[in-house]
Amino acid sequence: FNGQHIVSLTANIHGLALGDAAPLLRKALAAAGAPPRGVVVRMRGEIPPLEETLSGLRIGLALAVLVIFLLLTANFQSMRLALAIVLTIPAVLCGVVLMLLATGTTLNIQSFMGAIMAMGIAVANSILLVTFAERARHDGLSLLDATREGASSRLRAILMTASAMICGMAPMAIGWGESGAQSAPLARAVIGGLAVSTFATLTILPSIYAILQRRGLATSASLNPMDPESRYHDAT
């Protein structure tokens, strides 16, 4: 191969996920000891592409969280509000992990995609709650009253969104039909992430919002002179 003499050892796996087989192979190679001088041992086949894909998904997930935080900071003109919304993402990841453990599903490409989908929906629900709470606070309500107003007014919308997504993913999560098991991890990750994040959005996020905004100004923090809510608004 490329002018080098090679000895190929090829094998299939049975009853074991590819991601679980890779560390076992590395452990076996380490137990065999260091190779002789001039000999190089390399893994080929499906394992390197799988690891590269999972690595890219991890980086993509981290970049998605960073981009969401920056966009929310620019939208709300407040890092505290952006932080309050982003703090719902750990609830999504906890729900995904719990669902995968409960169903015996591995962390694979499909479940990663499901986690990203659940994260997007959870962030959208959190944005709705915080936006309505901020609107009520700017209208003159106290911080606690504005928090209650934001949570109660968005309760039905958040529950409808999460319930529709969970019910729609339930048949896929069961894995009926041919090749149903291939797409089941995606649906299970979405269901687990949304179930926990919806509970956190309606119960924990209002408390986080109230704590972070207890010293926040009731007026808009925008520096845009064209914004009517900005203190720098130029009516002329």
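**The packing of α5 and α6**

In this predicted model, helix α5, residues 109-138, packs with helix α6, residues 143-153, at an angle of about 140°, and their axes lie 8 Å apart. Angles over 145 degrees would count as roughly antiparallel, and those from 65 to 115 as roughly perpendicular; α5 is therefore oblique to α6. The crossing of the two helices is right-handed.

On the α5 side, the contact is made by Leu 129, Phe 132, Ala 133, Ala 136 and Arg 137. On the α6 side, Leu 143, Ala 146, Thr 147, Glu 149, Gly 150, Ala 151 and Ser 153 take part. An α-helix has 3.6 residues a turn, so residues three or four places apart point the same way.

Helix α5 also holds Ser 126. With a relative accessibility of 0%, Ser 126 counts as buried, because the cut-off for that term is under 20%. When neighbours within four places in sequence are set aside, the contacts of Ser 126 are Ile 85, Thr 88, Thr 201 and Leu 205.

For a view of another helix, α1 covers residues 18-31 and has 14 residues. From its first C-alpha to its last, α1 reaches 20 Å, close to the 20 Å expected at 1.5 Å a residue. After α1 comes Gly 33, with a positive phi near 95°.

Definitions and conventions: Residues numbered from 1 in each chain as written. Predicted model: local features only at pLDDT ≥ 70, side-chain atom pairs only at ≥ 80, totals over all residues. Heavy atoms only, no water. Axes fitted to C-alpha atoms, helices over the stretch in contact; angles between N-to-C directions. Helix = DSSP H or I, 4+ residues; strand = E, 2+ residues; numbered from the N terminus. Parallel < 35°, antiparallel > 145°, perpendicular 65-115°, else oblique. Left-handed = near helix turned anticlockwise from the far one by under 90°. Contact = heavy atoms within 4.5 Å. Expected span 1.5 Å × (residues − 1). Buried < 20%, exposed > 50% of the residue type's maximum accessible area, 1.4 Å probe, protein only.
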